[in-house]
Amino acid sequence: MDDSTDDAEARIRALGQVRFSAEVHDETEALTLLFEDPEVRSVAERNPRRLGRFRAFNRGHRVLVGGLIALAGLGVAVPAAAFTSWLARTGEFGDPSTSTEVDDTEWIDLGAPDAPQVVIEAYPDYLTLPDGVPPEAAIADVSRIFAKLSLDAGGQGLAQEGLMTQTYEGFAICAWTGDWLNAHEASDAAREDRAATWLGDTGNFPATIASDGGGVTEVLMSFAAAARDGDVKTVEEAYDMQSCEQHLGGEKR
Amino acid sequence: MTHETTATAAQAPSRADTGDTEAFIRSIAHELLGYFARRVIPRDAAADCLSETLLVLWRRRDRLPSEHGERRAWSYGIAHRVLAAHRRSGVRQLSLTTRLREQLQQRPIAPASSDDDAITALATLSPRDQELVCLVVWEGLTITQAATVLGIRADAARARYSRARRTLRSRLGA
């Protein structure tokens with residue numbers, strides 16, 4: 001059928017013409033962009049070697065991220081109405097009976113189109129980061145975490161806004177821990193002291209402290225004390241325990 | 001607003017010509033959705049076939065040919081195998097595709113033709129010849145590229161294509 005005027009060809013070609021709505025077009029684009037993220041592809045392919053990241057946490061870290069791990073399970077236990085909404089803000093607020101911690105913030109539908117914007121807006125105004133770590137780095141990391149949680153929950157995950165705040169605080173804790181280690185390596189006592197002071201002030205991560213289901217504050221303060229005392233081994237353990245390398249863009253310090 | 005996918009559109013130059021894998025996969029995704037939408041029932045299963053194909057494309061991207069036409073043919077070769085897997089119910093359903101699947105359910109693809117004679121004429125061809133014709137006419141592949149996709153020799157494909165064309169012309173009185 002190399003003759004373009006061939007009527008038979010034209011009629012067969014017409015059978016193959018399909019029209020997609022703009023929404024289908026957009027969803028195809030979105031799916032394609034999602035697959036550009038190697039982590040997304042890894043999750044999609046159920047590659048146990050890479051999914052093992054969460055399983056690899058030791059006990060101390062499980063305390064810190066317990067809420068995150070619980071999220072996928074909690075996501076299927078919420079009112080069905082939330083799933084059908086196209087808006088991330090569900091209008092449902094925290095219920096201690098369905099949450100591992102006391103958190104009265106709103107449940108966010110992570111599968112909604114505007115969920116990424118809600119994650120960005122959850123960036124706490126009070127958060128302070130070390131020099132050289134921009135807020136965009138925190139936003140990128142937290143956005144990545146919640147996108148992955150949404151995937152793990154089959155697009156039906158819900159998370160409380162408070163958990164997003166805590167995740168931002170977790171990023172800041174990592175950033176300051178890394179800053180302390182860098183300062184220590186550079187023998188920059190003033191910078192070391194600044195980082196240790198930040199880590200020892202619970203006012204810098206109030207959401208994490210407020211939602212402490214047991215042991216979180218104690219663990220964090222022990223890390224801060226180690227920084228204050230110059231105990232580099234413990235601070236390095238804290239950095240590893242909280243998977244800070246991944247949070248800070250996968251860079252080795 | 002609708003987006004039409006045809007063989008002509010598939011032949012348009014794309015950013016993949018720059019050698020950028022990401023841009024190529026982005027550009028081919030819409031074509032591949034059309035490929036599956038024309039061939040799978042229910043049509044929303046096209047979402048799963050597409051996602052499976054994208055995963056394979058990414059996994060094997062180091063083997064992606066550099067020439068655009070060869071890239072397309074190579075991608076259709078993967079899609080062809082995914083389609084076969086789908087027909088064996090061997091394509092997984094990914095949560096990632098939920099929204100695309102829903103869109104395909106809620107907004108069925110509007111067929112641009114209700115030419116029953118043409119449908120019947122195409123159906124008289126053997127499944128392999130049907131696919132050969134469709135790869136050339138619908139997806140815009142050359143006969144040689146379509147032969148690669150189907151795993152047959154180019155000269156055999158040319159002979160089959162020529163015979164199929166005669167059959168279609170005869171049936172359609174062209």
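# Chat about a predicted two-chain model

Biologist: How many helices and strands does chain B have?
Modeller: Chain B has nine helices and two strands. Helices (H or I, at least four residues) and strands (E, at least two) are DSSP runs, numbered from the N terminus. This is a predicted model, where local features need pLDDT of at least 70 and side-chain atom pairs count only at pLDDT 80 or more, while totals for chains, interfaces and linings use all residues. Residues are numbered from 1 along each chain as its sequence is written, chains are lettered from A and ligands numbered from 1 in the order in which they are written, and side-chain values use heavy atoms, with hydrogens and water left out.

Biologist: In what order do the elements of chain B run?
Modeller: Starting at the N terminus, the order is β-α-α-α-α-α-β-α-α-α-α.

Biologist: And what is in chain A?
Modeller: Chain A has 14 helices and four strands.

Biologist: Which residues have the most contacts inside the largest nonpolar core?
Modeller: They are A:Ile12, A:Phe35, B:Phe36 and B:Val133, in a core of 64 residues. A nonpolar core is a set of buried Ala, Val, Leu, Ile, Met, Phe, Trp, Tyr and Cys residues joined through side-chain atoms within 4.5 Å.

Biologist: Which helix gives the largest share of this core?
Modeller: Helix α3 (residues 45-59) of chain B, with ten residues. There is also a second, separate core of 41 residues, which includes A:Leu127, A:Leu129, A:Ile173 and A:Met241.

Biologist: Back to A:Ile12. What does α1(A) meet in α6(B)?
Modeller: A:Arg11, A:Ile12 and A:Leu15 in α1(A) are in contact with B:Asp117, B:Ala118, B:Ile119 and B:Leu122 in α6(B). Contact means heavy atoms within 4.5 Å.

Biologist: At what angle do the axes of α1 of chain A and α6 of chain B cross?
Modeller: Roughly 95°, and the axes come within 9 Å. The helices are α1 (residues 7-15) of chain A and α6 (residues 116-124) of chain B. Axes are lines fitted to C-alpha atoms, for helices over the stretch in contact, and angles run from 0 to 180 degrees between N-to-C directions. α1(A) and α6(B) are therefore roughly perpendicular to each other. For the cut-offs, under 35 degrees is roughly parallel, over 145 roughly antiparallel, 65 to 115 roughly perpendicular and the rest oblique.

Biologist: New topic, rings. How many aromatic pairs are there over all chains?
Modeller: Five. Rings of Phe, Tyr and Trp (its six-membered ring) pair if their centres lie within 6.5 Å; planes under 30 degrees apart count as stacked, over 60 as edge-to-face and the rest as tilted. A:Trp176 and A:Trp198 have ring centres 5.5 Å apart and planes at 15°, so this pair is stacked.

Biologist: Where do A:Trp176 and A:Trp198 lie?
Modeller: A:Trp176 is in helix α9 (residues 161-185) of chain A and A:Trp198 is in helix α10 (residues 189-200) of chain A, so the pair ties together parts 22 residues apart in sequence. Both A:Trp176 and A:Trp198 are buried.

Biologist: What kind of pair do B:Tyr35 and B:Tyr76 form?
Modeller: An edge-to-face one, 5.5 Å centre to centre with 65° between the planes. B:Tyr35 is in helix α2 (residues 21-37) of chain B and B:Tyr76 in helix α4 (residues 68-87) of chain B, 41 residues apart. B:Tyr35 has a relative accessible area of 0%, and B:Tyr76 has a relative accessible area of 0%.

Biologist: α4 again, then. Is B:Glu70 in that helix buried or partly exposed?
Modeller: B:Glu70 is in helix α4 of chain B, and at 46% relative accessibility B:Glu70 counts as partly exposed. Not counting residues up to four places away in sequence, B:Glu70 touches B:Pro65 and B:Gln145.

Biologist: Which residues of α8 of chain B are buried?
Modeller: In helix α8 (residues 143-150) of chain B, the buried ones are B:Gln145, B:Ala146, B:Ala147, B:Val149 and B:Leu150. The buried residues of α8(B) pack against α4, α7 (127-137) and α9 (154-172) of chain B.

Biologist: What comes just after α8(B)?
Modeller: B:Gly151, with a positive phi of about 75°.

Note on methods
Buried means under 20% relative accessible area, exposed over 50%, partly exposed in between (1.4 Å probe, protein chains only).
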